[in-house]
Each structure stands twice: as structure tokens, then as C-alpha cells.
Amino acid sequence: MSRNEDTTKRNVLSFINGREPSIDRRFRPCPKNIFKAIDIDNIDELDDDSNSNFDDASTVSGDISKTSTIGEDGAMVYLRLRPVNSPSSSYKIAGNGNTLVVNPRLDQTTTSNNKAAMEKHFTFSAIFDNNDSQKGVYNKCIGDKIKLEESFTVLTYGTSGSGKTFTLLGDDVNPGIVPRSIENIFTLYNSNIYPHPAVKLQNARVVILDDELLAKEIISTRQVLTACGDITSVHKQLQQIICSDHNFETTVFDDVSVMIWVSFVEIYNEFVYDLLELSASNQTITVPSRKNLKIVSNDGKVFVKGLTQVYVKNSLEALKLLRFGLQRVTYASTSINSNSSRSHCIFIIDVLKYNASGLITEISYKFCDLAGSERLDKTGNVGSRLKEAQRINTSLMILGRCLDAANNLNRKKNTEVIPYRESKLTMLLQAPLLGKEKIAMVVNVTPTEKYYEENLNVLGFSSIAKNIIFKPPIVKQNNSRFSFFLEYSKWINYCMGG
């Protein structure tokens, strides 16, 4: 067989030698591989002309990767040092101001040779000291996150008495993260807030309320807000301080109605309590007979069954509910903190955006004030205080295990299970733990020798938390019929005066 005949046979299409990909079975026109038509010489010329630009770009990106400790897709972990009269020399801020160097304790016998080896370095997104105000903490931790309209969770973590509650809540003169976030949210949606609770999250599902349910929600909201008491003067003072510190902007959304709901949860001794619940008789909180609520998961979304949700139209009403619930949080006095929180509390703000086309967007903001970790030899707790401390430390330990497991999943891509079901706290926080929501953690530390060992545990905990990777949710195409929403869209438009 000649060489030409062999070449002809190889050109015959078969299962072994398939047709050219640009040729269709029915010989319909298909786009050819355009990369084959590019002249390689031209590519070389382009590379030669633009090498300097690419080198500059790569240098910039390299610098960013070095200076950014976590990145946009990772957990943001911040450190706040509580101001003390005599700070320990064991704690020093180094690097670009985002690294804490912890030296060996003064009572440890160390030589100059092994002292450097015993130093521990902890890197954070930012470090706040006594020179940083509440305004600076908010700008770094929250910033434009609310304007981006993405769900996120904020945690404050640290030892007992390290300033966690002050960072999150503040006081009447120095408002914390939550009051500033409330003002930011209501300023952003000021032009689109709907006057009635027409849409609600019920069992993690969006429900459009009919006339009967709408009337019940209005009555329930009025009862809770009436029981809160008047804080108009305090709110006006806080609003003036916040507006002088920040320049929050209002965004006008076309054909959009915004409904904002507030709820408040306490986890005490592994029991879940509703801090906004009213009794049927006198509309006051009945602390001794509080009902333990159940945490349920529905279609991958977690919610507290039977939790009170209150519809709010302005920042004054939201601040009323915040202070109303804080009066029912469990506090007690210990040897290291005269007003120690004995539970974890989570303040939740749900924003529902209803578009005229029937599309509903859900945005959730969670602000979690974790109870402080404690050591028995420092607090001297006995009886009920000892039991509370054990439950607090256990839940924080499980939270650390979940963070460690999430870190291992990101690094090794193995099948390790995150044990978030072992604690009520981690069950409620499973969305940020699984990377479905962005998370920001403010670690609070008292830089004294007295809390040296506790601070090392807290700092080690934070180093695990910053490795959580945020995974943007996958938007699935919903092919189901929207007849239910369309049925009520006319009613909503009618109520809106459309």
C-alpha cells in the first residue's frame, strides 16, 4: 500500500478518527476554533509590547496579597485591646499595625536566645487600641457592608470583662456597632420603607400576609412597642452622635417596598429564649416561665420556631426593641466582672425587599454578643454561676471545633463534618460557619498579666476563625409557577396605591 493511499484511508471518518469539531453531522455551520487562526508571531509582538504593564500589575497584586490578611472572601477578624491603667509589656503591636506580638510572661525564666522563639505572632484585619473610638471600630468592621446589601454576622468574643458588650452596644454617649448599624440600615432604605407588614419571614420562608394576618401583626407590633417604654430623648441624642460621625446615604429603589423585622434571642444554659416575648395577660415578660424554643432547619435555612418578630418602620422602634430585650438578658456578678453576661444573645434584623414584579430579596444581619470565657480559679464561681460558666465554656469550645473543622474543609477538601449540631449557638450560626454568609469577629482582650493564659486561648481561637472562606451562594433557576405571588401582587399594588 502506498503512502498516499494510507493517507486517504486515515481521512475517512470513523469511530477512531472523528470528524473535525467544526463540522456538524448535518453539515450545519458552526463556529470554528478562532485560536487556530491567530498568528503566533503577532502574540509574541503583543507580549513584547506589554510586558512592562503586566509586570506592574503582577507586582501590585502581590503587594495586596501580602498586606490583606484575609481578603474579600474570608472572615474578617479584628482585635480590640481594652484600655487599662498599667498594660503589660508582653503585648506589642508590630508590622503594619495589624500584628500582635505576645512575649513570654515576666515570671518565666527565658534567655535571650530562646526568647524570640517563644514569641507568638497573631495577625488580624485590624487592631484597635485606646486611641481608636467607636466610630473607627464601626468604619473598619462594618463600613460599606450594609450598603452592599449582603447578609452578614458580627460576633464579639473574648474573656469576661474585656469589653465585648461595649464594642457591640456601647452606651448613651458612645454608641456601639448595633446602634450605628440600625441607623445605617434605616437611612439606606428611608425612601422605600413600607408602612405595613405585608411580607414576613415565617419558618424561613417568605409569606405574603392576607388581611387577617396583617391585622394581627399590626396589633402585636403595637403591643410590644407600647411595653418598651419611651426612649425618644435617648434616641435623639444617639442619632445626633451617629450622624455627626458618619455620612450615611439614602438609596432610592424604583418599584421596591422594604419591610424590616427585628427579633432577639438569648441562649442561656443551652436553652433558647425569646427576649421580645409578651405574656397574654399583662404584656410583660414573664422571666420565670419563659418557654424554651426549638431551633429548626428548613431547606438549609435555620430559624427559631415560635420566635417573636416585630415589624419596625424607623430606627427609634428598632432601638426600643434592642433596649427592651437587653433588660431581660441574664446578668450576674462575679469576682472579675460585676455585671457579667451569663448567656449568648443574638439581635437579628431581617430586611425584605419586595419588587413590583413579585421578586423578594432577603437580607439578614445578626449581631451576636458571646458570653465571656471564664476560668474557675479567677472567678471563684460556685453553684449556679459555676454551672453557667461550664455551659458557656462548652458552647465556646464547640464553636472553636466548628471553626477548626471549617478551616480543614477549606484546606484539605475532605469530608469532615462540621459539628454545629452539638450546641445551640453553633446551630444558629451554621450559615456563617458553612461559608454561606460573611462573618466579622471582634476579639476583645484585656492586655494585663492577670489574663495572660486566657488571652492566649482567645487569640488562638481567632487565628482559626480568620481562615473561614466565604462561598457565594449559587443562584438556582426556579422553574416553579409564581401564581401565588402573582395572585397577591395586585393586592400589594392596590395597597401601595398603584
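Student: Why does K313 count as partly exposed?

Tutor: This is a predicted model. K313 has 37% relative accessibility.

Student: What makes E317 buried?

Tutor: The relative accessibility of E317 is 13%. Buried means under 20%, so E317 counts as buried at that value.

Student: Why is the contact between E317 and K313 called a salt bridge?

Tutor: The closest N and O atoms of E317 and K313 are 3.7 Å apart. The cut-off is within 4 Å, so the pair E317 and K313 forms a salt bridge.

Student: How many salt bridges does a search of the whole structure find?

Tutor: The search finds twelve salt bridges. One of them joins E249 and K147.

Student: What makes E249 and K147 a salt bridge?

Tutor: Their closest N and O atoms are 3.3 Å apart, and the limit is within 4 Å. The pair therefore qualifies. E249 lies in the loop between α8 (232-245) and β9 (256-268), and K147 in the loop between α4 (134-141) and β6 (152-158), so the pair ties together parts that are 102 residues apart in sequence.

Student: Are E249 and K147 buried, exposed or partly exposed, and why?

Tutor: E249 has a relative accessible area of 47%, and K147 has 47%. Exposed means over 50% and buried under 20%, so E249 is partly exposed and K147 is partly exposed.

Student: How do you know that E266 and R290 form a salt bridge?

Tutor: The N to O distance is 2.8 Å, and the cut-off is within 4 Å, so their side chains meet in a salt bridge. E266 is buried, and R290 is buried as well.

Conventions
Residues numbered from 1 in each chain as written. Predicted model: local features only at pLDDT ≥ 70, side-chain atom pairs only at ≥ 80, totals over all residues. Heavy atoms only, no water. Helix = DSSP H or I, 4+ residues; strand = E, 2+ residues; numbered from the N terminus. Buried < 20%, exposed > 50% of the residue type's maximum accessible area, 1.4 Å probe, protein only.
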